[in-house]
Amino acid sequence: MKRIALIGVVLTGVLLAPAASSAQVSCSRDGLQRAVDLYIAAQTKGDTTGLPLATGAGYIENMAPANIATGLIKTAMTIDHHRSFLDPSTCQTFTEVIVTNKEKPHVLATRLRVNGDKVAEVEILWTTTGYWLFNADAYLKWSSSEKWDPIPANQRDTRATLVAAANAYLDAFLEGKKEGVPWGYPCNRTEGGAHTGNGSPKDSCDVGVPSGVNIANRRFIVDEAMGTVAVFCTFGAGGPNGGSGAPDTHLFRIEGGKLRYVHTLTHLLQSAFRGGGAGRAGGAGRGAAGGGQTPEAPPNTQK
């Protein structure tokens with residue numbers, strides 16, 4: 001009887017245990033979601049001991065190798081909003097993190113790469129006060145109000161279609177040729193916190209796109225189930241004639257092959273922008289609060 005009772009206690013414990021605890025880090029969607037959950041817990045606490053890091057795991061901040069022991073991931077943050085996308089084909093994840101803490105606000109773009117049951121890479125691109133068009137409160141307002149639901153299985157775009165749409169948008173920056181971009185309507189863009197659109201069904205992301213900018217060094221995280229493409233890239237190629245090459249991420253939501261949302265973060269100090277921080281298409285100060293049309297990320301300038 002004692003043995004039966006003990007078995008009953010054990011079974012009850014198993015049944016009541018949180019479902020997430022049974023998931024293991026892996027390249028499956030469940031496994032990648034588990035990795036994301038552990039990352040969010042680590043970033044919230046500023047403690048990576050619960051993150052199953054591989055031996056020799058890489059840690060990158062703003063596209064440069066960094067020491068994880070002193071990195072931003074070790075800063076505890078009260079996260080107001082986050083959303084993640086999963087790419088089983090490349091064993092990667094992308095997470096947008098918004099922190100509106102008045103003393104240390106941040107918006108992060110975090111990439112994880114999983115190898116087996118370990119996290120082999122953690123890459124964070126961060127923005128904060130003083131960076132390009134940064135406004136965490138506005139970013140939270142717009143991002144949290146948007147609809148990023150799973151795409152019904154019979155309506156999903158292929159991986160190739162999603163990547164092609166992202167590339168078409170980014171390619172338009174070099175020569176200013178926008179006719180090849182699959183513009184959707186409505187489409188809203190949030191850039192550092194600045195925002196295009198005012199809620200009209202005619203809202204477009206086809207505003208403030210500069211020319212002469214080579215969006216280079218592109219790396220993709222694609223989630224067909226969510227219709228998303230996250231691109232780690234540089235705004236400009238860098239070097240003597242290639243612009244600042246500032247670390248940048250573009251996140252696209254694509255529905256039926258058309259752009260629906262675009263989120264942009266650029267790790268570039270506003271003061272480093274040529275012209276003292278004034279943006280294109282009316283300046284950096286427009287848009288976030290009032291929903292006006294704002295510039296895209298900074299033009300191809302030298303730091």
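Author: Happy to, starting with cysteine 233, which counts as buried because its relative accessibility is 0% and the cut-off for buried is under 20%. Keep in mind that this is a predicted model.

Reader: Why is the link of cysteine 27 and cysteine 91 called a disulfide?

Author: Their sulfur atoms sit 1.8 Å apart, and a pair within 2.5 Å qualifies. The torsion about that S-S bond is about 120°, so the disulfide is right-handed. Cysteine 27 is in the loop between α2 and α3 and cysteine 91 in the loop between β3 and β4, so the bond ties together parts 64 residues apart in sequence.

Reader: Buried or partly exposed: what is cysteine 27, and what is cysteine 91?

Author: Cysteine 27 has a relative accessible area of 25%, which falls between 20% and 50%, so the label is partly exposed. Cysteine 91 comes in at 17%, under the 20% limit, so that one is buried.

Reader: What makes cysteine 187 and cysteine 205 a disulfide?

Author: The S to S distance is 2.1 Å, again within 2.5 Å. With -85° about the S-S bond, this link is left-handed. Cysteine 187 has a relative accessible area of 0%, so it is buried, and cysteine 205, also at 0%, is buried too.

Reader: How do you know that β1 and β2 pair?

Author: 2 antiparallel bridges join them, and at least two are needed. They form a hairpin with 2 residues between them, and isoleucine 60 stands opposite proline 65 in β2.

Conventions
Residues numbered from 1 in each chain as written. Predicted model: local features only at pLDDT ≥ 70, side-chain atom pairs only at ≥ 80, totals over all residues. Heavy atoms only, no water. Helix = DSSP H or I, 4+ residues; strand = E, 2+ residues; numbered from the N terminus. Buried < 20%, exposed > 50% of the residue type's maximum accessible area, 1.4 Å probe, protein only.
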